[in-house]
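Please walk through the fold of this protein chain, from its overall layout down to single residues. Which features of the backbone and the interior deserve a look?

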Amino acid sequence: MMRIFVDANIVVSVLNKEYPLFTYTSRILSLADYQQFEVYTSPVCLAIAFYFAEKKFKAAVAKQKIAILCDNIQIADTTDASVKKALQNNAVKDFEDGLEYYTAVNSNCDCIITEDIKDFYFSQIEVIQSKDFFLKYMSGRK
């Protein structure tokens, strides 16, 4: 089983139907329907996604979209250990990215899917953009 962690920009792309990314990001989130994959995100990513969805839609619609998403993917725990590791790792310059990284690692994720791969320069797990993930892991799927 492959465990994937989706960063906030992936979730925002799906909630707001941002093309051309939506073509890939929506398919990646749909992997939650397959036993071979577990799809994770964090409460912080959901909060960021809500903020941008609320700007495009009303708060009630944004909340409804987040609720549907939460019914289909895993919400990873951002633990106190994740917070401390993000703070203690001198390679981590952006605290939020550090939180996402350690949340993914603590959830035993195999990779992080993000459009901002440069933000995870310190990562010890694979960091990949949505289109590249699609081409590498999904292009043969129906």
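This is a predicted model: local features need pLDDT of at least 70, side-chain atom pairs count only at pLDDT 80 or more; totals for chains, interfaces and linings use all residues.

The overall dimensions come next. The C-alpha trace spans about 40 × 40 × 25 Å along its principal axes. The radius of gyration is 14 Å, and a compact globule of 142 residues would have a value near 14 Å, so the chain agrees with that expectation. Of the contacts with a sequence separation of 6 or more, 63% are between residues 24 or more positions apart. Buried residues account for 42% of the 142 residues. The exposed surface comes to about 7700 Å², and carbon and sulfur atoms supply 53% of that area. As for charge, there are 16 positive and 18 negative side chains, and the centres of these two sets lie 5 Å apart.

The largest of them has 28 residues, and the members that touch the most other members are Ile4, Val6, Ile28, Leu31, Val39, Ile113 and Phe133. Two or more residues each come from β1 (2-6), α1 (8-15), α2 (22-29), β2 (37-41), α3 (43-56), α4 (59-72), β4 (111-113) and α7 (130-138). The element that gives the most is α1, with five residues.

Leaving aside residues up to four places away in sequence, Ile113 touches Ile4, Phe5, Val6, Asp7, Ile10 and Ile28, among others. The list of its contacts also includes Ile128, Gln129, Ser130 and Phe133.

Helix α1 is mostly covered, with seven of its eight residues buried. These are Ala8, Ile10, Val11, Val12, Ser13, Val14 and Leu15.

Which residue with a positive phi follows α1? It is Lys17, with phi near 45°. Lys17 is not a glycine, and its place is the loop between α1 and α2. Pro20 lies in the loop between α1 and α2 as well. The peptide bond that joins Tyr19 and Pro20 is cis, with omega about 5°.

Another positive phi in a residue other than glycine is found at Asn108, where the value is near 60°. Asn108 sits in the loop between α6 and β4. Is this residue buried or exposed? The relative accessible area of Asn108 is 54%, so it counts as exposed, the cut-off for that class being over 50%.

Helix α6 (residues 95-106) contains Leu99. Leu99 has a relative accessible area of 9% and is therefore buried, since buried means under 20%. Not counting residues up to four places away in sequence, Leu99 touches Val44, Thr78, Ser82, Val83 and Ala86. Gln129, which is one of the residues touched by Ile113, is 30 residues from Leu99 in sequence, and their C-alpha atoms are 19 Å apart.

Methods: Residues are numbered from 1 along each chain as its sequence is written. Side-chain values use heavy atoms; hydrogens and water are left out. A nonpolar core is a set of buried Ala, Val, Leu, Ile, Met, Phe, Trp, Tyr and Cys residues joined through side-chain atoms within 4.5 Å. Buried means under 20% relative accessible area, exposed over 50%, partly exposed in between (1.4 Å probe, protein chains only). Helices (H or I, at least four residues) and strands (E, at least two) are DSSP runs, numbered from the N terminus. Contact means heavy atoms within 4.5 Å. The radius of gyration is taken over C-alpha atoms; the globule rule is 2.2 Å times the number of residues to the power 0.38. Accessible areas come from the Shrake-Rupley method with a 1.4 Å probe; for residues, only the protein chains shown count as cover. Lys and Arg count as positive and Asp and Glu as negative; His and the chain ends are not counted. The place of a charge is taken as NZ of Lys, CZ of Arg, CG of Asp or CD of Glu.
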